[in-house]
Amino acid sequence: MFGFGRWRRRRIVERFRLDPEIWSRVTGRFSFFLRLDEAERARLRELVILFLHGKQLSAAGGLELDLEKKLGIAIQACIVILNLGIEHYDSWVEIIVYPDEFMPRQEFRNEHGLIETDDASYAGQAWLHGPVILSWADVENAGDADGMNVVIHEFAHKLDMLNGDANGFPPLHREMNRADWSKVFSAAYEDLCRRLDAGEETEIDPYASESPAEFFAVVSEAFFEIPDLLRTVYPDVYAQLSLFYRQDPASRELPREWRLRLA
Ligand SMILES: [Zn+2]
């Protein structure tokens, strides 16, 4: 069966026409892409095609969702699974994109058993077994190596949800150690919360202190966008994420023009 799946995927990739000019224009916006070598770029391109083929990307709220926008989302979603495989996104199909932050106005039961409406607005959401929802305005701002990336954030939640509700404990690979993961992430999470409580400025987005699930999603953004900084601040977290994503982005140098832009 595995052989058949591979054959089918090869056909999808070969039949998909992806304008090389559009591909290089869109990928050029992402610092993480520029760190990849040729083989990795080719693998990412295949994943992006499989992603666009298998997922249903729909626009809401009057947004025009053209190929460039879809590509931009797919590239960021697929960097996360570059060395994991497209199967990691198999259990759901839909991505909904709003022009800007959206208010889902979901009803939920509060701790007193009463029904409340959530009036918050969101840049992104990932639903268990359901869609990923994104704000295009925030997607457009992602990718410029500042450690904030709503697409990577929501897709990290999706990986976390492969074993139930997002809790910062995704299913680990066989060669990884659950106790190590737990120890390293708890210590870093506590450290971040303590520093924020003390009024310190943190290198990692303070939103990470919301919960262990948000911590995992936020450090995943940092892992792909500002890997050198994450490795400096939380080296053990970087090492665990490196085992989990099977990538070592800090070991690759950012091209000169980006280093100058960020300097
Ligand atoms: Zn989140």
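## The open sheet

Strand 5 and strand 6 (residues 132-135) run antiparallel and are joined by 3 bridges. In this pairing, Q125 stands opposite I133 of strand 6. The model described here is a predicted one.

These two strands belong to an open sheet of 4 strands, ordered 1-2-6-5, with mixed pairing. Strand 1 (56-59) and strand 5 (124-126) stand at the edges; each has a single partner strand, so one side of each has no neighbour in the sheet. From one strand to the next, the twist averages 15°.

## Helix 2 against helix 5

Two packed helices are described by the angle between their axes and the distance between the axes. For helix 2 (residues 20-27) and helix 5 (residues 67-79), the angle is about 55° and the axes are 10 Å apart. The crossing of the two helices is right-handed.

Which residues in helix 2 and helix 5 meet? From helix 2 they are I22, W23, R25, V26 and T27, and from helix 5 they are L67, E68, L71, G72 and I75. Sorted by class, this contact has 6 nonpolar, 2 polar and 2 charged residues.

## V48 in helix 4

V48 lies in helix 4 (residues 38-54). Is V48 buried or exposed? Its relative accessible area is 0%, and because buried means under 20%, V48 counts as buried.

Leaving out residues up to four places away in sequence, V48 touches W23, L71, A74, I75 and C78. Among these, W23 also takes part in the contact of helix 2 with helix 5, as do L71 and I75 from the helix 5 side. V48 and I95 are 47 residues apart in sequence, and their C-alpha atoms are 14 Å apart in space.

In helix 11 (residues 235-245), the buried residues are V237, Y238, Q240, L241, S242, F244 and Y245. An α-helix has 3.6 residues a turn, so residues three or four places apart point the same way.

What do the buried residues of helix 11 pack against? Their partners are helix 7 (150-160), helix 8 (178-197), helix 9 (212-225) and helix 10 (227-233). Just after helix 11 comes R246, with a positive phi of about 55°.

Methods: Residues are numbered from 1 along each chain as its sequence is written. This is a predicted model: local features need pLDDT of at least 70, side-chain atom pairs count only at pLDDT 80 or more; totals for chains, interfaces and linings use all residues. Side-chain values use heavy atoms; hydrogens and water are left out. Buried means under 20% relative accessible area, exposed over 50%, partly exposed in between (1.4 Å probe, protein chains only). Contact means heavy atoms within 4.5 Å. Axes are lines fitted to C-alpha atoms, for helices over the stretch in contact, and angles run from 0 to 180 degrees between N-to-C directions. A crossing is left-handed if the near helix is turned anticlockwise from the far one by less than a right angle, and right-handed if clockwise. Ala, Val, Leu, Ile, Met, Phe, Trp, Tyr, Cys and Pro count as nonpolar, Asp, Glu, Lys and Arg as charged, and the others, Gly among them, as polar. Two strands pair if DSSP finds at least two bridges between them.
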